[in-house]
Amino acid sequence: MKPSSWLESVNCAIEGILWSVKSQRHMRYHFVAAVSVLLMALFFHVSALEFLLLAFAVILVIFAELVNTAFEVVVDLVSPDFHLLARRAKDVAAGAVLVTSVGALIAGYLVLSRYVFPGTGWDFSGLGPPRGELSVVSVLVVTILVVFIKACTGRGTPLHGGMPSGHAAVAFSIATSVALSSVGALTTLLAVVLATMVCHSRLLLKIHTLREVLVGILLGVVVTLILHLLFA
């Protein structure tokens, strides 16, 4: 039945939110994270602009999860039996939540990192560039390229198998950023060793071939070097 008044429409909307929180575990996680972020904003006395950015990020993630939940319910109603297109629809809707969640994490880093780790993050009073932004952008660009290449080759999944190895690409992108940050030879060596261990685990578990791992390493190193040379 269509709500007959504005108040009934509001009640229906509230019931939808309550049902999604009750039935969806991820929605409960998002609400806990939202409360935690807002409490941190109060604790650190963030500026009005910073609070606006955090609040917008929180609202966007919860909105995406609500839309995803509604989409899943409709798909289950239309296609109660397994269908490949139904699965694709759910995967794409979940991808929208993942994208907004990554955006919210970046926003939280930009705002809260300078309070939790003084000397890092974005100083909104001067609107200067955030420290370490090249490393973060490098990892994001490498990840996007890995997903794009896997989509073109049609092999593997984002987290399992396929050309190239995403774990190797991201690990060596981080190691390359560490090496270019002038933190010292020992720290750089430890970062490279850790990245190598990540690559070795992919081979040991037979998730990737040696060729896939090497291509991932090359992709992570080359893309990160190019970005640092162009924008450092």
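In this predicted model, I217 is in contact with A168, A169, F172 and C199, leaving aside neighbours within four places in sequence. I217 also belongs to the largest nonpolar core. That core has nine residues. Three helices, α6 (166-179), α7 (185-204) and α8 (210-231), each supply at least two of the core residues. The biggest contribution comes from α6, with four residues.

Helix α1 spans residues 6-23, and helix α2 spans residues 25-44. Their axes come within 5 Å. The crossing angle is roughly 105 degrees. Angles of 65 to 115 degrees count as roughly perpendicular, and α1 and α2 are therefore roughly perpendicular to each other. On the α1 side, the contact involves I17, S20, V21, K22 and S23. On the α2 side, R25, M27, R28 and F31 take part. The residues of this contact divide into four nonpolar, two polar and three charged.

Residues up to four places away in sequence are not counted here; beyond them, E65 touches H26, M27, H30 and V97. E65 itself is placed in helix α3, which covers residues 48-78. The relative accessible area of E65 is 4%. Buried means under 20%, so E65 is buried. An unreviewed UniProt entry places the feature "binding site" at E65. That annotation comes from the record and may be inferred rather than shown by experiment.

L110 has a relative accessibility of 14% and counts as buried. In sequence, L110 and E133 are 23 residues apart. In space, the C-alpha atoms of L110 and E133 are 9.2 Å apart.

Technical notes:
Residues numbered from 1 in each chain as written. Predicted model: local features only at pLDDT ≥ 70, side-chain atom pairs only at ≥ 80, totals over all residues. Heavy atoms only, no water. Axes fitted to C-alpha atoms, helices over the stretch in contact; angles between N-to-C directions. Parallel < 35°, antiparallel > 145°, perpendicular 65-115°, else oblique. Contact = heavy atoms within 4.5 Å. Nonpolar A, V, L, I, M, F, W, Y, C, P; charged D, E, K, R; others polar. Buried < 20%, exposed > 50% of the residue type's maximum accessible area, 1.4 Å probe, protein only. Core = buried A, V, L, I, M, F, W, Y, C linked by side-chain atoms within 4.5 Å.
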